[in-house]
Amino acid sequence: MKILIDKITAKSLDDILELSHAYYTEDSPNRSLDYLSDLYLNNPLGPAMGCYCYEDEELIGFMALIPVTLSAVLGPRLGYYCVNVLSHPQHRSRNVFVKLINVANEFLRNEGSIMIGHPNRNAIPFWKRKKMSFQQDLLPGIIPPNFFAKAKRVTVRN
């Protein structure tokens with residue numbers, strides 16, 4: 001088993017599409033070359049990163065990390081939105097997902113980046129065991145208007 005992280009390219013889309021056949025219905029956008037090209041290759045912040053797990057030249061696991069700009073207390077920060085995490089059904093008992101997420105976490109740590117995502121029902125137990133945490137400076141916040149602050153009256157002088 002070989003796991004690597006690299007930019008997603010037009011060439012790697014063929015392997016990703018092949019693996020996606022095990023998951024998605026025929027009409028799913030995740031089985032469309034045009035959709036995946038747009039999602040992974042045409043991002044204004046640069047191409048997405050792919051975390052790939054190969055066995056004997058066959059892609060058996062994949063995770064896409066799409067670059068996003070996040071607002072943080074100390075200013076904008078580059079992060080990655082984790083999508084389309086796939087492990088081939090015939091290899092599910094081999095901890096492919098765990099290995100992918102560990103490689104992705106190491107990459108993000110080296111980049112000084114953050115991963116955001118939305119785990120599906122199958123992944124939630126892992127996230128809880130791993131005790132994944134969220135950074136305080138990324139929590140959403142709303143600043144309500146202060147109606148009791150002193151207002152300055154502006155007048156026009158003639």
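Is Pro 76 buried or exposed? Pro 76 is exposed, with a relative accessible area of 73%, where exposed means over 50%, buried under 20% and partly exposed in between (1.4 Å probe, protein chains only). This is a predicted model, in which local features need pLDDT of at least 70 and side-chain atom pairs count only at pLDDT 80 or more, while totals for chains, interfaces and linings use all residues. Residues are numbered from 1 along each chain as its sequence is written, and side-chain values use heavy atoms, with hydrogens and water left out.

**Overall organisation**

- The chain contains 4 helices and 5 strands; helices (H or I, at least four residues) and strands (E, at least two) are DSSP runs, numbered from the N terminus.
- Along the sequence, these elements follow the pattern β-α-α-β-β-β-α-β-α.
- The chain has 158 residues, of which 35% count as buried.
- Of the contacts (heavy atoms within 4.5 Å) between residues at least 6 apart in sequence, 65% join residues at least 24 apart.

- The buried residues of α1 are Ser 12, Leu 13, Ile 16, Leu 17, Leu 19 and Ser 20.
- Seen down the axis of α1, these buried residues fall within an arc of 160°, so they line one face of the helix; the arc is that of the directions from the helix axis to the C-beta atoms.
- An α-helix has 3.6 residues a turn, so residues three or four places apart point the same way.
- Asp 14 and Glu 18 are exposed residues on the face of α1 turned away from its buried side.
- The buried residues of α1 pack against α2, β2, β3 and β4.
- In α2, Leu 36, Ser 37 and Tyr 40 are buried.
- Viewed down the axis of α2, its buried residues lie within an arc of 105°, so they line one face of the helix.
- The buried residues of α2 pack against α1, β3 and β4.
- The axes of α1 (residues 12-20) and α2 (residues 33-41) come within 11 Å and cross at roughly 120°; axes are lines fitted to C-alpha atoms, for helices over the stretch in contact, and angles run from 0 to 180 degrees between N-to-C directions.
- α1 and α2 are therefore oblique to each other; angles under 35 degrees count as roughly parallel, over 145 as roughly antiparallel, 65 to 115 as roughly perpendicular and the rest as oblique.
- Where the two helices meet, Leu 13, Ile 16 and Leu 17 of α1 are in contact with Leu 33, Leu 36, Ser 37, Tyr 40 and Leu 41 of α2.

**Helix α3**

- Helix α3 covers residues 96-111, 16 residues in number, and spans 23 Å from its first C-alpha to its last, close to the 22 Å expected at 1.5 Å a residue; the expected span is 1.5 Å times one less than the number of residues.
- Val 96, Phe 97, Leu 100, Ile 101, Ala 104, Asn 105, Phe 107 and Leu 108 are buried in α3.
- Down the axis of α3, its buried residues fall within an arc of 165°, so they line one face of the helix.
- The exposed residues Arg 109 and Asn 110 are carried on the face of α3 turned away from its buried side.
- Gly 112 follows α3 and has a positive phi, near 70°.

**Individual residues in strands and loops**

- Gly 61 is found in strand β3 and counts as buried at 0% relative accessibility.
- The C-alpha atoms of Gly 61 and Val 85 are separated by 7.6 Å, although these residues are 24 apart along the chain.
- Leaving aside neighbours within four places in sequence, Gly 61 has contacts that include Leu 19, Cys 53, Val 96 and Leu 100.
- Pro 76 is found in the loop between β3 (58-70) and β4 (77-87); leaving aside neighbours within four places in sequence, Pro 76 is in contact with Thr 69 and Leu 70.

- Most residues other than glycine have a negative phi.
- Glu 57 has a positive phi, near 70°; this residue is found in the loop between β2 (49-55) and β3 and counts as exposed at 74% relative accessibility.
- Asn 84 also has a positive phi, near 50°; Asn 84 is found in strand β4 and is buried, with a relative accessible area of 16%.
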